[in-house]
Amino acid sequence: MKPVVVLVARLLEKTQALLEAEFDARRLYEAADREAFLREVAPVARALATFGAAGADAALMDRLPRLELIAHFGVGVDAIDLDAARARGIAVTNTPGVLDDCVADTALSLVLNLLRRFPQAERYLREGRWARQGAFPLTTALAGKTMGLLGLGRIGEAIARRAEAFRMRIRYHNRRPKAGVPWPYDPDPVALAQHSDVLVVATPGGPETARLVGAAVLDALGPEGFLVNIARGSVVDEPVLLRYLQERRIAGAGLDVFDNEPNVDPAFFALENAVLYPHVGSASEETRTAMGMLQLENLRAHFAGRALPSRVV
């Protein structure tokens, strides 16, 4: 008998095809009657496969008393109730490492597009304004500017290394100083923002970091400072950020994540001092395939009795 794995959301096509070939996969996301589905699988479901924001709360865990593993697609696990998993002895895995480069590339593209205003420059050309109005206005150089990294995990370090190639200076704040890194440490987010020209948010999501970047941090960043967020929308107080952008109390923002994805506040769309991406940080074929394979390998390892490659809980 193949182990029963419940799919909370649709997975990548390649991952899902392999998972459904190797396991007895049941698609919760297609269930017309969720309650009836959960009653049916409760006696047999041993693992959940989750994807992005489609996580697992304590109530779902309670409906599946034989649950042993939650294999998550994504590095952030804020959509999974980790305390509930611990209390029930359920292992949780994620897909770290394989997406670091792609997300760091996305962060640097946001920095480039935000400071140099390349999307606006292309639009200026396409609209025929170069010929009618003359040269596009001057923008802001990266070299010599200070990038403050709010969060210096694997992704934060990958961003820092790229920024150094653009001759930017680096500072950071973590919950505690990180051994073996060459960059100055600031004791809190406000101090980091005061020392930064560009503040890049690279923290985990979840209750501990909710609204971490609010008015105090943005005031410290100031009218010549830029904010970039590739972490989670929840880390930034979005209404406050929107007001600060509208009032030019910061110079601009580059955002790949939002508080209520995919329902972005349309007020952002009118802003010329914002660069907006639809959460594409890890969205390359190569990276998403590698993430899916790591999710699958965690499932394989669990049911083969091997150590989990990327255990969180």
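In this predicted model, strand β9 (residues 226-229) and strand β10 (residues 252-255) run parallel to each other and are joined over 4 bridges. Within this pairing, leucine 227 faces alanine 253 of β10.

**The six-stranded sheet**

The pair belongs to an open sheet of 6 strands with parallel pairing, arranged in the order β7-β6-β8-β9-β10-β11. From one strand to the next, the twist averages 15°.

Helix α5 (residues 100-116) packs on this sheet, where the helix touches β6 (146-150), β8 (198-201), β9, β10 and β11. The direction of α5 makes about 150° with that of β9. As a general point, side chains in a regular strand alternate between the two faces of the sheet.

**Strand β3 and its partners**

A further set of pairings involves strand β3 (residues 45-51). This strand is mostly covered, with 5 of its 7 residues buried. Strand β1 (residues 4-7) runs parallel to β3 and is joined to it by 4 bridges. Strand β4 (residues 69-73) also pairs with β3 in the parallel sense, here over 5 bridges. Alanine 47 of β3 takes part in both pairings: alanine 47 is the bridge partner of valine 5, and it stands opposite leucine 69 in β4.

| Strand pair | Bridges | Facing residues |
|---|---|---|
| β9 and β10 | 4 bridges | leucine 227 and alanine 253 |
| β1 and β3 | 4 bridges | valine 5 and alanine 47 |
| β3 and β4 | 5 bridges | alanine 47 and leucine 69 |

**A buried and an exposed residue**

Threonine 287 lies in helix α12 (residues 285-304). Its relative accessibility is 8%, and because buried means under 20%, threonine 287 counts as buried. Apart from neighbours within four places in sequence, threonine 287 is in contact with Val98, Leu99, Cys102 and Ser282. Of these residues, Cys102 falls within the span of helix α5, residues 100-116.

Proline 207, by contrast, is found in the loop between β8 and α10 (215-221). With a relative accessibility of 79%, proline 207 lies over the 50% limit and therefore counts as exposed. Between proline 207 and leucine 242 there are 35 residues of separation in sequence and 21 Å in space, taken from C-alpha to C-alpha.

**Cavity and pocket**

The model contains 1 cavity of 30 Å³ or more. The space in the largest cavity comes to about 30 Å³. Its lining consists of Asn229, Gly233, Val236, Glu238, Leu241, Leu255 and Val257. By class, these are 4 nonpolar, 2 polar and 1 charged residues.

Leu114, Leu115, Arg117, Gln120, Thr139, Thr140, Phe226, Arg248, Ala251, Glu272 and Asn273 form its lining. The classes represented there are 4 nonpolar, 4 polar and 3 charged residues.

How values were computed. Residues are numbered from 1 along each chain as its sequence is written. This is a predicted model: local features need pLDDT of at least 70, side-chain atom pairs count only at pLDDT 80 or more; totals for chains, interfaces and linings use all residues. Side-chain values use heavy atoms; hydrogens and water are left out. On a 1 Å grid over the protein atoms alone, a cavity is a set of points where a 1.4 Å probe fits but cannot get out, and a pocket is an open set with protein on both sides within 12 Å along at least five of seven lines; lining residues have an atom within 4 Å of a point. Grid points are joined across faces, edges and corners, and a volume is the space filled by probe spheres set on the points. Ala, Val, Leu, Ile, Met, Phe, Trp, Tyr, Cys and Pro count as nonpolar, Asp, Glu, Lys and Arg as charged, and the others, Gly among them, as polar. Two strands pair if DSSP finds at least two bridges between them. Helices (H or I, at least four residues) and strands (E, at least two) are DSSP runs, numbered from the N terminus. Axes are lines fitted to C-alpha atoms, for helices over the stretch in contact, and angles run from 0 to 180 degrees between N-to-C directions. Contact means heavy atoms within 4.5 Å. Buried means under 20% relative accessible area, exposed over 50%, partly exposed in between (1.4 Å probe, protein chains only).
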